[in-house]
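Here is a short briefing to read with the structure open in your viewer. It goes through a sheet, a helix and a pocket in turn.

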Amino acid sequence: MSALPLSGIKILDLTRVLAGPLSAQMLADLGAEVIKIERPAGGDDARAFGPPYLKDPEGKANNNNSFYLCANRNKKSVTVNIATPEGQDIVRELAKSCDVMMENYKVGDLKRYRLDYASIKALNPGIIYCSVTGFGQTGPYAPRAGYDAILQAMGGLMSVTGHPDGEPGAGPMKVGPSIVDYMTGMNSSIGILSALYHRRANGGEGQHVDVCLFDTVIASLSHYAQIFLVNGQTPPRRGTWGNGGMPAGVFRCTDGELMLVVGNDGQFQRTCAVLGSPELATDPRFVKNNDRVAHSKEIMAIFAGLFLKKPVAHWLDELEKAGVPSGPINNFEQVFADPHVQSRGMRVKVNHPLEPDLSLIRNAITFSGTPVKDYRAPPLLGADTADVLATIGYDAAKLEALREKKIV
């Protein structure tokens, strides 16, 4: 089998919690060697974001919870107290041989430790140094800490998410998962990969990559934000209603709900036939998509009444035959039991010290020539400290002395 796409790339990862670790995990999946620096004793802050935790065979408490497990596979864990001069020396020494260094500390925090971009660049001019923050390296909010939910609020995402005004429960709503963290992780990976390519193509020049949650969430609003930039109006909250084709939304059936998106006029005609009301396709209010958008409340109300006549499975089967996009509203148990999800191998198994058959979610990218097949479990805290530090001259005696001083 061919080497993985990033084989030979070495990354020093000082990120914690979610956005940065997700990015480093993606790069690790693709073959990069990722050395994760964690605090002695406590480790990554995410290790305290439980439960649930894996069960220790001896019943002991541990720090391997779902939050940590989702973002740290295929990495090496090295414990270093970077608040000490000796710990800072270790990080700088490791950085000398790395292609990439990642961090998500508050702006300016690492400068006092001489672990900022300027200090690391002086040791390794070709380094790609990626900083992941809430608000970026510049601007009046740069010193602030930022968490996903705060940025969902400040970036406008919550203002267009939730039930429409006038409906029960109306008001801004947070998206369930930490979606801004995830998107920021992807942007970080794109930035790092682009900088690596630029370095290779343009004579060995490294650079500082600045990625933040605030920029990411605003950019992710794409056509929603563009509506405001074109006409000065913020789109209303639409609940489950779609953003383009109409009708689109959740419809209740006799035994549950389904999601429907009618993307064009042809699909609308076929949907009307499936629902037993073909005459709707020639109703002047609904002939073209722009007509249906103008009369959205009317067509959605009519469809709501029609879908209530039969069960979900009936409608999904008929809509599939008609070539109209629709789907069930699955919970996670249903997602991972779905035969398509299983055929795509979205659940992968790894051998973890506390769980020999631990399930994880696979990397979402599929390669024909360099497939990602082997996954290593997220490491126990400090599992690789001795092996990694041996590569920069720390023998057993030195390590023991550092452990006594709680530096590693």
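Six strands line up as E3-E2-E1-E4-E5-E6 in an open sheet with parallel pairing; strands pair if DSSP finds at least two bridges between them. This is a predicted model, in which local features need pLDDT of at least 70, side-chain atom pairs count only at pLDDT 80 or more, and totals for chains, interfaces and linings use all residues. Residues are numbered from 1 along each chain as its sequence is written, and side-chain values use heavy atoms, with hydrogens and water left out.

- Strands E3 (75-79) and E6 (207-212) are the edges, and each pairs on one side only.
- E4 (residues 100-103) and E5 (residues 128-133) run parallel and are joined by 4 bridges.
- Valine 100 has isoleucine 128 as its bridge partner in E5.

**The largest pocket**
- This pocket is lined by 31 residues, and Leu22, Cys70, Tyr182, Phe336 and Ile361 lie nearest its centre.
- Elements giving two or more residues to the lining include H1, helix H6 (179-201) and strand E11 (355-361).
- On a 1 Å grid over the protein atoms alone, a pocket is an open set of points where a 1.4 Å probe fits, with protein on both sides within 12 Å along at least five of seven lines; lining residues have an atom within 4 Å of a point.
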